[in-house]
Amino acid sequence: MFRIESYITPIILSHIEKYVKNIRPQDAQLSLWNGEWAFQNLDLRLDVLEEELNLPFTFLSGHIHELIIRVPWTKIASEPVTITINTIEFVVKLKEDGAAATPREKSRKKPAPEEVQAPPGYMASLVNKIAHNISVQCHNIIFKYLEEDIVMSMNIQVLSVDSADSEWNPTFIDISPTKVLLRKIVRISDLTICLDKRNETGIIDVCQEPILYRCSMEMRFLRRYNISTAHGLP
């Protein structure tokens, strides 16, 4: 008999492993089946981030202090899977024109994990519904951009991504059998941006006044497409 855990768990872990280096899927799978998985001190796959985001930056470092995944198996059809990140740090610099490929760009990519076949009928619809209702909560995002002796730092205390209803309230949404209309709401709290100068040793002697201090914002995204193209995690 098909169990929803046997399909959802590998999907979640495959996407986490795509962006994170030092995890052990075999250990995480047992924890997820119990409803929660937590891991500390994770290094991000910088080459994957550069390829996925396609930004004019080179990632020098990326680190997650704590990652927690909660799966409400007993209420999986009415409550979202929650991904919580406690402190994530990035350091980037501007890409150099015509620069030679870095060792990680030259390295061969690992083969993609074997795709799990979707279950038929009702279960496939349920899996799709779960995937599009994942809730993400990030606490303490630290982003630093380096350019010679200039350091631009951005800190976000809380960033959340949730599905929303027609009134743009966070909620667990239903998926139409013929068409999908997805609303995502992104909320940012306490955004601070600073521009400072560092000395020859890379240390900032005097911190300047922030150019943006404890700002909050909300972004709304609306996406419409056919259900046939909406399989798997977004």
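Student: Quick one to start: is C194 buried or exposed?

Tutor: C194 is buried, at 16% relative accessible area (buried is under 20%, exposed over 50%, partly exposed in between, with a 1.4 Å probe and protein chains only). This is a predicted model, where local features need pLDDT of at least 70 and side-chain atom pairs pLDDT 80 or more, while totals for chains, interfaces and linings use all residues. Residues are numbered from 1 along each chain as its sequence is written, and side-chain values use heavy atoms, without hydrogens or water.

Student: And what about C215?

Tutor: C215 is partly exposed, with a relative accessible area of 24%.

Student: How many disulfides are there?

Tutor: The structure has zero disulfides (pairs of cysteine sulfur atoms within 2.5 Å).

Student: Switching topic: which residues touch the most other members of the largest nonpolar core?

Tutor: I16, L44, L67, I69 and V81 do, in a core of 40 residues (buried Ala, Val, Leu, Ile, Met, Phe, Trp, Tyr and Cys joined through side-chain atoms within 4.5 Å).

Student: Which helix gives the most to this core?

Tutor: Helix 1, residues 4-19, gives the most, with six residues (helices are DSSP runs of H or I, at least four residues, numbered from the N terminus).

Student: Back to L44, then. What does L44 touch?

Tutor: Leaving out residues up to four places away in sequence, L44 touches Y19, V20, K21, L49, G62, H63, I64, I88 and F90 (contact is heavy atoms within 4.5 Å).

Methods
Helix = DSSP H or I, 4+ residues; strand = E, 2+ residues; numbered from the N terminus.
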